[in-house]
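User: I've got a structure open and would like to talk through a few of its features. Could you take my questions one at a time?

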Amino acid sequence: MRTAYREHLDDFSHDLIIMRDIVHTIMTKASEALLESELQPAEESLSLRDDLDEVRTRCEERAVLLLALENPMAKDLRQVVSSIYIVEDLYRMGRLAQHVASAARRRHPESVLPADCIGYFEELYRLVTDMSKKLREILVTPDPDTALRMASEDDAVDDINHYLLSYLTQREWKASVREAVETAQMTRYYERFADHCVAVAGRIIYLSTGLAPEEYMAKLSEEERDKEFESRMAELERQFRR
């Protein structure tokens, strides 16, 4: 019975990786459509909706099966519950990326963005796809330290988002009101995509350590302080034993 349960749990974990791969492709195609004002990648991004829904449904069914099959042990229960949350975060990431694709398709052959904002969105695209790649790494091999470092990339996304929202309300903004509204929407989609990446990373930290990200950071800080204290004591001991 436990062997079958373990196999179902492994299949669930594999589906999360498949779902991440679909989401990554959706965002890649959507960003290409946005930045290059091309129709084909927008259509390709939107065509993956059924694939995304299919994997989400399969994951939900697996979760019900795993919870109903037998009373899971604490660690297994933690994995199932964390995976349920991860599924929803990944699904929202896919839908956010498809909002970008929809805007690019709607405005084709015109650009959604004014020319002077393209560079900022190229950087947003680079940041969120890097975060998505790291998600795959920690889904394959859970690593709380790698997961924790994703917060710094999210901060960079937040900085660009805040700058753009400030810029489009200033007198220096020369584009139309429509472009201001759509630029605000697009940067918000990328910012929320990054937030969900961090949320998934937080689930991985909890899955690996049993601690919330804030608790894990506090634990690392305490361990670092202990190491510094031990180092100072060792240095004092060397000095006074001469």
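User: What volume does the largest pocket have?

Analyst: Keep in mind that this is a predicted model. With that said, the largest pocket comes out at a volume of about 250 Å³.

User: Which helix gives the most to the lining of that largest pocket?

Analyst: There are 14 lining residues, and those closest to the pocket centre are Ser13, Gln79, Leu139, Pro142 and Leu207. By class, the lining has 9 nonpolar, 4 polar and 1 charged residues. Four helices, α1, α4, α5 and α7, each supply at least two residues. The top contributor, with 4 residues, is α4.

User: Is Met150 buried or exposed?

Analyst: Met150 sits in helix α6, residues 144-167. Skipping neighbours within four places in sequence, it still touches Met131, Lys134, Leu135, Ile138, Cys197, Val198 and Ala201. Its relative accessibility is 0%, and the cut-off for that class is under 20%, so Met150 counts as buried.

User: How far apart in space are Met150 and Gln98, C-alpha to C-alpha?

Analyst: In sequence, Met150 and Gln98 are 52 residues apart. In space, their C-alpha atoms are separated by 23 Å.

User: How many aromatic pairs does the count come to, and which aromatic cluster is formed?

Analyst: The count comes to 4 aromatic pairs. One of them is Tyr120 with Tyr163, tilted, at 5.2 Å centre to centre and 35° between the planes. Tyr120 is in helix α5 and Tyr163 in helix α6, so this pair ties together parts 43 residues apart in sequence. The cluster is made of Tyr120, Tyr163, Tyr167 and Trp173.

User: Which peptide bond is cis?

Analyst: Look at the loop between α4 and α5, where Pro109 is found. Omega is near 10° for the cis bond from His108 to Pro109.

User: What is the phi of Ser37?

Analyst: Ser37 is in the loop between α1 and α2. Its phi is positive in a residue other than glycine, with a value near 55°.

User: How far apart are the centres of domain 1 and domain 2?

Analyst: The domain assignment gives domain 1 as 1-210 and domain 2 as 215-241. Taken over C-alpha atoms, their centres are separated by 39 Å.

Conventions:
Residues are numbered from 1 along each chain as its sequence is written. This is a predicted model: local features need pLDDT of at least 70, side-chain atom pairs count only at pLDDT 80 or more; totals for chains, interfaces and linings use all residues. Side-chain values use heavy atoms; hydrogens and water are left out. Domain bounds come from an automatic or database domain assignment. On a 1 Å grid over the protein atoms alone, a cavity is a set of points where a 1.4 Å probe fits but cannot get out, and a pocket is an open set with protein on both sides within 12 Å along at least five of seven lines; lining residues have an atom within 4 Å of a point. Grid points are joined across faces, edges and corners, and a volume is the space filled by probe spheres set on the points. Ala, Val, Leu, Ile, Met, Phe, Trp, Tyr, Cys and Pro count as nonpolar, Asp, Glu, Lys and Arg as charged, and the others, Gly among them, as polar. Buried means under 20% relative accessible area, exposed over 50%, partly exposed in between (1.4 Å probe, protein chains only). Contact means heavy atoms within 4.5 Å. Rings of Phe, Tyr and Trp (its six-membered ring) pair if their centres lie within 6.5 Å; planes under 30 degrees apart count as stacked, over 60 as edge-to-face and the rest as tilted.
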